[in-house]
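Have a go at each task before reading its solution.

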Amino acid sequence: MELGDDTARIVEQVTYRQDVDRVGDVIITTGEPRDEIDGDLAAVSEIVDATWPTSQRHELAQLSAVREESRGLVGVVHPPATGGWILSLDLADIDDRALIEETIVHELSHVVTLDNGVFTFGEVEGCSGVQISLGCAEADSLLARFADRFWPCDLGSAFADDYVNDYASTAAHEDLAETFTAWVLGRPIEGEVIEAKIEMLSADAEMAELADALLLA
Ligand SMILES: [Zn+2]
């Protein structure tokens with residue numbers, strides 16, 4: 001799958017199963033006996049190890065392997081009540097290392113911009129920053145500024161050319177994540193609006209640091 005294939009990530013709407021087998025820090029939700037997927041699990045955790053920067057390692061509470069190919073899932077992050085983030089990756093994509101790496105970059109941008117210091121999930125009464133479909137971005141946070149400028153009233157531009165791909169046009173936080181990913185991966189960038197988005201992301205110290213760490217990885 002290419003970046004831009006809008007079936008690539010059916011992400012934030014994933015419902016997590018409760019009947020999971022725990023293997024150390026890795027949760028398996030495929031229902032398969034552990035010994036049958038041990039090789040894939042080892043491979044997926046090796047890719048995460050090699051890609052996820054050390055500076056963000058404390059954010060990764062858990063790696064979860066899933067099998068959701070029918071729904072087009074590649075990866076998703078979500079914050080458990082216990083803190084940090086759970087990263088879930090689909091074992092079906094194990095042979096496509098580039099896709100998994102790209103997905104990790106995308107998810108890392110969520111980890112940074114949806115952190116509980118700057119973002120509250122859900123409809124927040126009296127959100128002092130910018131309320132988007134996913135939740136309330138704190139005033140002056142990168143996502144608040146990004147949404148305020150490019151998604152006024154939580155409505156993105158109607159022009160396809162203003163997005164790096166179709167998935168970016170689905171929500172403000174996905175636009176930020178896909179634009180960040182395209183920038184970090186050095187995808188060809190065209191158009192004033194996309195350039196302005198990248199300018200905003202690259203001017204943000206935390207995102208610039210993340211981009212640097214990813215390039216070094
Ligand atoms: Zn996403």
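This is a predicted model: local features need pLDDT of at least 70, side-chain atom pairs count only at pLDDT 80 or more; totals for chains, interfaces and linings use all residues.

Numbering starts from 1 along each chain, as its sequence is written.

**Exercise 1.** Work out the strand order of the open three-stranded sheet and find which strands stand at its edges.

*Solution.* 
- Step 1: the order is S6-S8-S7, and the pairing is antiparallel (strands are DSSP E runs of at least two residues, helices H or I runs of at least four, numbered from the N terminus; a pair needs at least two DSSP bridges).
- Step 2: S6 (119–121) and S7 (130–132) each have a single partner strand, so one side of each lacks a neighbour in the sheet.
- Step 3: S7 is joined to S8 (residues 135–137) by three bridges, and Ile132 sits opposite Gly135 in S8.

**Exercise 2.** Describe how H2 (residues 97–113) packs on H4 (residues 172–184).

*Solution.* 
- Step 1: their axes lie 9 Å apart at an angle of about 130° (axes are lines fitted to C-alpha atoms, for helices over the stretch in contact, with angles from 0 to 180 degrees between N-to-C directions).
- Step 2: that makes H2 oblique to H4 (under 35 degrees is roughly parallel, over 145 roughly antiparallel, 65 to 115 roughly perpendicular, the rest oblique).
- Step 3: the contact includes Val105 and His106 of H2, and Leu176 and Phe180 of H4 (contact means C-beta atoms, placed from the backbone, within 7 Å).

Key: Two residues are in contact if their C-beta atoms, placed from the backbone, lie within 7 Å.
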